Amino acid sequence: MKNYDVIVVGGGPAGLFAAGFAARKGAKVLLLEKNPHCGAKILITGKGRCNVTHSEDDPRKFVEHFGRNGKALLTALYAFGVKDVVSFFEEQGVPLKIERGGRIFPDKGEAKDVQKAVIAFARDAGVEMRTSCTVKKLLVEDDIIKALETTAGAFSADNIIVATGGLSYPETGCTGDGYAWAKACGHRVVKPEAALVPVKLNDAWTAEVSNFNLKNVRISLCVDGKKVDERFGEAFFTRAGIGGPIILDMSSRIRDELKKGEVKLLLDLKPAVATELFDKRLQRELAEQSNQEFGTSLGGLLPRDMIPVFLRLVGIDPKKKCHSVTKVERQRLLKLFKELELSVSSCAGFRKAIITSGGVSLKDIDMRSMRSKRVKNLFFAGEMIDLDGPTGGFNLQECWSTGYLAGISAAEA
Ligand SMILES: Cc1cc2nc3c(=O)[nH]c(=O)nc-3n(C[C@H](O)[C@H](O)[C@H](O)COP(=O)(O)OP(=O)(O)OC[C@H]3O[C@@H](n4cnc5c(N)ncnc54)[C@H](O)[C@@H]3O)c2cc1C
């Protein structure tokens, strides 16, 4: 005799949505979460502000951001898309607003308000939540999950939804348990890789300007001297290298290119001004301050924190008067502004990865219902499936949409 209609494993955004919407459909739902609280990862999203979704509300255009597998997400997006997410949070008392680049955040609140709202939704829908309960094993017989073995005993249900996330930020509870279970019952798992990661550089000086925001910059990716990619937007230096949206979005490409040759990033701090024009600006600045020391002349061009680093990198004596700066020296300065060379050593691993790419193969999931093609009463949702989007709210939207679809499908199965 089954105790529950649906058991959801994993209380992240995908699992909470799956559980809540299954319960709203009238199912008796149990949610099992290994942490003492659900939604630990939500708290650290969007630097504590949670980029809940993205303003691209046309599903066909939205899925283009997911690359090779994107179209598989269409049914889930049509079932619960960007507009549904915005209305959902509005109803839960967390109105959202669109910010730069189409990123959607809570209007006034923070990530913790998103976490609270989703937990409250699942609880109010009637979901029974067991936290500090780790699922250890799925007991499968004749392609059916008969029971779940957990640290709090065995549980059984007609249908099981696994939403255990990926491998990134393991301190949030994401240790890839679902991949092992999926494999054990016959699913193909595309090799999980750390994705949307910061990049490590050989240039030790970045530690001096770590967390320094680079707004509206252009970064070109070069392999053995050849430009292969280019992005415009935001980045920031870290203690060991460089991170931020444009770097994260290029990181999978950078990882691939590192296998092929020497990888450099060229940072253009003034992308809106052509090189020749910027040279004229430099000449003007130096002429206007001709009797001042070069070391005090960069204030109008650079934020204060960057100046000591620039002075060292450019190799011009800071005591030298501006009128004595030679053309060759000025050309070196110009290059720092327009093509500051950063030498890439490696990409960060799972500990610093925003998401995990790869996961349960879409070939083994019916994406119209999120149901497994291998095990009759098993459904998947969220990051653990082989779908990964760029920064900007795309990955959480994938979790809301697939969580919703898995929840209603499991409740109706
Ligand atoms: C630093 C950071 C910032 C991010 N910012 C954004 C952002 O602003 N916007 C965006 O769209 N995306 C962002 N992401 C990505 C987003 O957070 C994830 O894609 C999303 O949380 C995945 O949701 P999920 O429900 O699939 O898995 P998770 O959120 O990882 O939840 C899985 C849950 O399953 C539980 N679990 C695992 N194994 C077991 C087990 N054996 N038994 C019981 N429970 C188990 C875990 O404890 C965890 O609570 C960010 C990620 C990080 C790391």
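# Reading a predicted protein model

Visitor: Which residue follows H1, and what is its phi?

Guide: H1 is followed by Gly-26, and the phi of this glycine is positive, near 100°. Helices (H or I, at least four residues) and strands (E, at least two) are DSSP runs, numbered from the N terminus. The model is predicted, so local features need pLDDT of at least 70 and side-chain atom pairs count only at pLDDT 80 or more, while totals for chains, interfaces and linings use all residues. Residues are numbered from 1 along each chain as its sequence is written, and side-chain values use heavy atoms, with hydrogens and water left out.

Visitor: Is H1 enclosed or open to the outside?

Guide: Here we use relative accessible area: buried means under 20%, exposed over 50%, and partly exposed in between (1.4 Å probe, protein chains only). Eleven of the twelve residues of H1 are buried, so the rest of the structure largely encloses this helix. Among them are Pro-13, Leu-16, Phe-17 and Phe-21.

Visitor: And Glu-262: where is it, and is it buried or partly exposed?

Guide: Glu-262 sits in the loop between H8 and strand S16 (263-268). Its relative accessible area is 48%, so it counts as partly exposed. Look also at Ser-345: it is 83 residues from Glu-262 along the chain, yet their C-alpha atoms are separated by 8.8 Å.

Visitor: Which domains does the chain have?

Guide: The bounds come from an automatic or database domain assignment. It gives domain 1 (4-195 + 355-412), domain 2 (205-270 + 341-347) and domain 3 (286-338). The C-alpha centres of domain 1 and domain 3 lie 52 Å apart.

Visitor: Where does the second largest pocket lie?

Guide: On a 1 Å grid over the protein atoms alone, a cavity is a set of points where a 1.4 Å probe fits but cannot get out; a pocket is an open set with protein on both sides within 12 Å along at least five of seven lines, and lining residues have an atom within 4 Å of a point. Domain 1 and domain 2 both give residues to the lining of the second largest pocket, so it lies between them. Its space is about 520 Å³; such a volume is the space filled by probe spheres set on the points, which are joined across faces, edges and corners.

Visitor: What lines that pocket?

Guide: There are 26 lining residues, with Arg-68, Ala-195, Ser-252, Ser-357 and Asp-388 nearest the centre of the pocket. Strand S11 (189-195), helix H8 (245-258) and strand S18 (355-360) each supply at least two residues, and H8 gives the most, with six.

Visitor: How many cavities of 30 Å³ or more are there?

Guide: The count comes to one. The largest cavity holds about 30 Å³ of space, and its lining includes Leu-282, Glu-285 and Leu-333. Helix H9 (residues 275-288) provides the largest share of that lining, three residues.

Visitor: How many disulfides are there?

Guide: A disulfide is a covalent bond between the sulfur atoms of two cysteines. With the rule that the pair of sulfur atoms must be within 2.5 Å, the count is zero. The sulfur of Cys-185 is 19 Å from the closest cysteine sulfur, in Cys-133, which is too far for a bond. Cys-222 is in no disulfide either, as the nearest cysteine sulfur, that of Cys-347, is 15 Å away. Cys-185 is buried, at 15% relative accessible area, and Cys-222 is buried at 8%.
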